[in-house]
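I opened my notebook to see what this model could tell me, and I took it one stop at a time. Here is what I looked up.

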Amino acid sequence: MPTEKSESSVVLDALNAPQAEAVAHVDGPMIVFAGAGSGKTRVITYRIANLVASHGVPPYRILAVTFTNKAAGEMRERLDKILGPSVTRELWIGTFHAVCVRLIRRYHESIGIGQNFVIYDDSDQKALMKRVLDDLNLDERRIAPQKVLARISREKQEARGPEDMSLDRWDDEIIQRCFKAYQQRLRDSNAVDFSDLLLYVLRFLERDNDDDAKQLRSRFSHVLVDEFQDVNLVQYRLVSAFSSSTNNICVVGDDDQSIYRWRGADIRMIRGFTRDYPDAVMVKLEQNYRSSKNVVGAALGVIRCATGRTPKELWTGNPEGEQVQVVHCANERDEAAFVVETVKQHIAAGTSPREIAVFYRVHAQS
Ligand SMILES: Nc1ncnc2c1ncn2[C@@H]1O[C@H](COP(=O)(O)OP(=O)(O)OP(=O)(O)O)[C@@H](O)[C@H]1O
Ligand SMILES: [Mg+2]
């Protein structure tokens, strides 16, 4: 596996032609549509550097959203090297949740929540839902708290509150009552769950005649979104609203890599983007820098049959590398034994365990 090159302090070096085009673009909407390991995150990082260094955009007016805190940290680290820490400190780089927490603290009065609000995690939510069921005299064995919470989370990802739920199934009305009571109890404790963090900011942002909301809508002059294939509807509306005053929105993504369907991510968002922003500049990145020719070829072979994907090519200048092996095992135990044996062999041959990854389909298999 090629090692990560250190970023130099010059903004436009070490980019191939389409990457440089995406980085040099300044105003208006843009979508970078690209395969795995083709430098999407590098484009976002360099684009931020270019906006600040070459176009004088104030760093505090740039918002970059990543999918994990780790990715945000890495982006910040690289920008530190290019722009220096005093500039990087002012950039807004973070996950949707981290950015929304900061904004709620800042606009908590207009949003209508106490400044010292608490964020409920999964176990807090479950405990709260048990109390709600108890309040409503519902039997936990008949209405599972987890099931109600999962439904509430799905509704919230589509920006729906209890009043907006569709009531089709036999238990929908019960769930709606739980949803209402759950929100009331959260409010009573000055608490929010993870979905609320985003929804509170979205509802505030989308208020028409509110000066604070108007101010927040024009707070950022440039909005950049990494891993755009994984955004859900609420997140999409958030970035649209944040960029509504300038239309300077740049998203990068790969519909072949959508992994968050289960939490409301929707690859229709990528296609929707070109509909909502018809004048968006599209850049495709097709050179992979991370993997050997054999790995890239095998990955393409698997994904090519996927229905409904937008065709895109992927090639690499890297060496052929070793052949990809497909191994059939009799069962899970056999499979585990094979993995253990292979890992042992690699370690004996001098490979560091840090360089070995094992993937599995479901946690039960781990
Ligand atoms: N023009 C380039 N020259 C040399 N190396 C590059 C170039 N572009 C990207 N790389 C390297 O390729 C690797 C992948 O880049 P990056 O993480 O930006 O890709 P990505 O498309 O975001 O990947 P993923 O699909 O995993 O999100 C990194 O090690 C990066 O430094
Ligand atoms: Mg990336």
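This is a predicted model: local features need pLDDT of at least 70, side-chain atom pairs count only at pLDDT 80 or more; totals for chains, interfaces and linings use all residues.

**Entry 1: a loop residue**

My first stop was asparagine 247, which sits in the loop between α11 and β7. Its relative accessible area is 30%, so asparagine 247 counts as partly exposed. I checked its backbone too: phi is positive, about 65 degrees, although the residue is not a glycine.

**Entry 2: another positive phi**

I found it in the loop between α7 (145-157) and α8 (172-188). Is alanine 159 buried or exposed? It is buried, because its relative accessible area of 16% falls under the 20% cut-off.

**Entry 3: the sheet**

Next I traced the strands. In what order do the 6 strands of the open sheet stand? I read β3-β2-β6-β7-β1-β8, with parallel pairing. The edges are β3 (92-95) and β8 (281-285); each has a single partner strand, so one side of each is left without a neighbour in the sheet. Neighbouring strands are turned by 15 degrees against each other on average, direction ignored.

I then went to β7, residues 249-253, and found 5 of its 5 residues buried. Ile249, Val251 and Gly253 point one way from the strand, while Cys250 and Val252 point the other way.

On one pairing, β1 (residues 30-34) runs parallel to β7 and is joined to it by 4 bridges. There I saw valine 32 opposite valine 252. On another, β6 (residues 222-225) pairs with β7 in the parallel sense over 3 bridges. In that pair leucine 224 stands opposite cysteine 250. I followed the chain from β6 through helix α11 (residues 233-242) to β7, and this β-α-β crossover is right-handed.

**Entry 5**

Which residues of β2 lie on each face? I listed Ile62, Ala64 and Thr66 on one side and Leu63 and Val65 on the other, and all are buried. With 5 of its 5 residues buried, β2 is largely enclosed by the rest of the structure.

Strand β2 (residues 62-66) runs parallel to β6, and 4 bridges join them. Leucine 63 stands opposite valine 223 there. The pairing of β2 with β3 is also in the parallel sense, over 4 bridges. In this pair I found alanine 64 opposite isoleucine 93.

**Entry 4: helices on the sheet**

Which strands does helix α2 lie across? I found α2 (residues 40-55) lying across β1, β2, β6, β7 and β8, and running at about 165 degrees to β6. Helix α5 (residues 96-111) lies across β2 and β3, at about 120 degrees to β3.

**Entry 5: helix α14 and what follows**

I turned to α14, which covers residues 332-348. Its 17 residues reach 24 Å from first C-alpha to last, close to the 24 Å expected at 1.5 Å a residue. I kept a general point in mind here: an α-helix has 3.6 residues a turn, so residues three or four places apart point the same way.

At the start of α14, a side-chain oxygen of asparagine 331 comes to within 3.1 Å of the backbone nitrogen of arginine 333. After the helix I found glycine 350, with a positive phi near 105 degrees.

Threonine 351 lies in the segment after α14. Its relative accessibility is 27%, so I logged threonine 351 as partly exposed. Leaving aside neighbours within four places in sequence, its contacts are His346 and Ile356.

**Entry 6: alanine 191**

My last stop was alanine 191, in strand β5 (residues 191-193). Alanine 191 has a relative accessible area of 2% and is buried. Which residues touch it, leaving aside neighbours within four places in sequence? I found Val118, Tyr120 and Leu186 in contact with alanine 191.

Terms used. Residues are numbered from 1 along each chain as its sequence is written. Chains are lettered from A and ligands numbered from 1 in the order in which they are written. Side-chain values use heavy atoms; hydrogens and water are left out. Helices (H or I, at least four residues) and strands (E, at least two) are DSSP runs, numbered from the N terminus. The expected span of a helix is 1.5 Å times one less than its number of residues. A polar contact is a pair of N or O atoms within 3.5 Å; within protein, one must be able to donate a hydrogen and the other to accept it, and residues adjacent in sequence count only if both atoms are side-chain atoms. Buried means under 20% relative accessible area, exposed over 50%, partly exposed in between (1.4 Å probe, protein chains only). Two strands pair if DSSP finds at least two bridges between them. A crossover is right-handed if, with the strands pointing away from the viewer, the path from the first strand over the helix to the second runs clockwise. Axes are lines fitted to C-alpha atoms, for helices over the stretch in contact, and angles run from 0 to 180 degrees between N-to-C directions. Contact means heavy atoms within 4.5 Å.
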